Amino acid sequence: MAEVINMPRLSDTMEEGVVAKWLKQKGDKVAEGDILAEIETDKATMEFESFYEGTLLHIGIEEGETAPVDTLLAIIGEEGEDISGLLNGEGGSTEEAKEESAAEEETEDDDSTSEAGEIPEGVEIVKMPRLSDTMEEGTVASWLKKEGDKVSEGDILAEIETDKATMEFESFYEGTLLKIGIPEGETAPVDSLLAIIGPEGTDVSNVTGDSTGKKAAPKKEEKSEAKEEKKEETTTTSSDSSSEGGRIFASPLAKKMAEDKGIDLSKVEGSGENGRIVKKDIESYKPSEAPAPKETKKEAETSVAAPYVPAGEESFEEIKNSQMRKTIAKRLGESKFSAPHYYLTIEVDMENAMASRKQINEMPDVKVSFNDMVIKASAMALRKHPQVNSQWTGDAMKIAKHIHMGVAVAVEDGLVVPVLKFADQMSMTQIGGNVKDLAGKARNKKLQPKEMEGSTFTVSNLGMFGITEFTSIINQPNSAILSVGTIVEKPVVKNGEIVVGHTMKLTLACDHRTVDGATGAAFLKDLKTYIENPVTMLA
């Protein structure tokens, strides 16, 4: 019989979700625990796994589309099964589910408002989430944080047992865990008070979970029986595991990650309750930690003598292009194939820059990187060579009077370019602070569109990866981009003698429509002067 899967509520404040990516396609076989899709909530992008087994017969929400919670997401059933009845009735059932959900939320909101009183400023209420489309209540299997612990955004708060699986639940807030509303082993309905997070020392005694307890009372006997059964199952499985040594306890996400990375779960030590393997165990696992089996002398002789026989099969992993990758491909393709690129490279003596940076960073509360020095020097050189700070249009060349520096930042899905506005007016310390802030936002996917708009020149640095020299594609509508390599210790000639020196290569990619070779060379000459004599940037 076909199973209907609705858009789940993956956070306590989620009202609608966006299907960021489907990992299964219509007609694919689906096993219980397979990741169906990545769903973007109001707080994060999360993996959503299947609790059913069969064939994916219908996709109700396409990639990139937004839909309210409880909207038909997919249908899983037997291959070739007739689902026309489910499709014809999806509108009515969805509307009824929405009305029932809205009515329940209004009732619960009224109860909590009347009983809990006012919520102190900065305090966040965490409710029992709906982690599956059919979940009505959940059991807290274990708390990974205790009252009084510091909590960061993304930390795993607890493991919650739904009607289908035990899943990790992460925090979307930052602060101190002020109150635990549902102790370990207890069951409570969806939207019950799970925890309270806020500033340390805040009084939350008036914010209680009394209404949660009253709602759960009618099912007390049923829950007691269910808990007894779960305890018996836990005891049985624990003894089975210890006696047989064959069963491995791991969360569905941990199993999926281990499968993708080719990790043998039997070699991973679990940090969860009763040795259960969770997500962080897979992320921190290193193959070198697993003890290598000892090889006997006979086996060693056999392995040396045995001829090498190639084995395995050719295969590819197909990863659907994200919106970021599509945008990168489109924009850089347009830039490379429309703008006539040429490249100029210089080698800079970094001895004075290294000494100056060391002196600057000895001052309290000051931290300057070599990249900050390059950005400052580039901004000053652009002020002397405004034609490099230009844009090409079909009818005219636009020379920008302002200097907005784009700084290329690598993120998990690709590349983003946050912008430092009026960088020539900033000190190196201010540049360093702003770059650090923007890079952090970029990696946490919190950059606002306005923070990535308006660059007039771009700097791309791969020196931290040991790259000595490279060329970049111009970030249009800019006319140039500077590629920064690593600092290399090598023999150099000074005053007719060979001594040990430190140099760094800079490569300027220019659009020949706006920047001629002589113009680019003059820009690099002044840039080299500023970097080799940092005192000129402090004047």
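In what order do the 4 strands of the open sheet that holds S1, S3, S6 and S8 stand? The legends below start with this sheet and go on to other close-up views of the predicted model.

**View 1. The open sheet with strand S1 is antiparallel.** The order of its 4 strands is S1-S8-S6-S3. Strand S1 (3-6) and strand S3 (29-30) are the edge strands; each has a single partner strand, so one side of each is left without a neighbour in the sheet. Between S1 and S8 the antiparallel pairing runs over 4 bridges.

**View 2. Asp70 lies in the loop between strand S7 (66-68) and strand S8 (72-77).** Asp70 is not a glycine, yet its phi is positive, at about 80°.

**View 3. A second open sheet is built from 4 strands in the order S13-S12-S10-S15.** The pairing in this sheet is antiparallel. Its edges are formed by strand S13 (166-170) and strand S15 (187-189), each of which pairs on one side only. On average, neighbouring strands are turned by 40° against each other, direction ignored. Strand S10 (residues 137-143) is joined to S15 by 3 bridges in the antiparallel sense. Within this pair of strands, Gly138 is placed opposite Ala188 in S15.

**View 4. Helix H10 (residues 370-384) packs against helix H12 (residues 517-532).** The angle between the helices is about 135°, and their axes are 9 Å apart. Angles of 65 to 115 degrees count as roughly perpendicular and those over 145 as roughly antiparallel; H10 and H12 are therefore oblique to each other. The crossing in which H10 passes H12 is right-handed. On the H10 side, the contact is made by Val374, Ala377, Ser378, Met380, Ala381, Leu382 and Lys384. H12 contributes Phe523, Asp526, Leu527, Tyr530 and Ile531. Sorted by class, the contact of H10 with H12 contains 9 nonpolar, 1 polar and 2 charged residues.

**View 5. H10 also crosses helix H11 (residues 428-443).** The axes of H10 and H11 come within 9 Å, and the crossing angle is roughly 115°. The crossing of these helices is right-handed. From H10, the residues in the contact are Asp372, Met373, Ile375 and Lys376. Their counterparts in H11 are Met428, Ile431, Gly432 and Val435. The contact of H10 with H11 comprises 5 nonpolar, 1 polar and 2 charged residues.

**View 6. A cis peptide bond joins Gln476 to Pro477.** The omega of this bond is near 10°. Pro477 is part of the loop between strand S24 (457-461) and strand S25 (480-494).

**View 7. Residues 90-103 and residues 210-245 are stretches where pLDDT stays under 50.** For residues 90-103, the model has 10 contacts beyond four places in sequence. For residues 210-245, the corresponding number is 31 contacts. Across the chain, pLDDT averages 81, and 81% of the residues score at least 70.

How values were computed:
Residues are numbered from 1 along each chain as its sequence is written. This is a predicted model: local features need pLDDT of at least 70, side-chain atom pairs count only at pLDDT 80 or more; totals for chains, interfaces and linings use all residues. Side-chain values use heavy atoms; hydrogens and water are left out. pLDDT is the predictor's confidence in each residue, from 0 to 100. Contact means heavy atoms within 4.5 Å. Two strands pair if DSSP finds at least two bridges between them. Helices (H or I, at least four residues) and strands (E, at least two) are DSSP runs, numbered from the N terminus. Axes are lines fitted to C-alpha atoms, for helices over the stretch in contact, and angles run from 0 to 180 degrees between N-to-C directions. Angles under 35 degrees count as roughly parallel, over 145 as roughly antiparallel, 65 to 115 as roughly perpendicular and the rest as oblique. A crossing is left-handed if the near helix is turned anticlockwise from the far one by less than a right angle, and right-handed if clockwise. Ala, Val, Leu, Ile, Met, Phe, Trp, Tyr, Cys and Pro count as nonpolar, Asp, Glu, Lys and Arg as charged, and the others, Gly among them, as polar.
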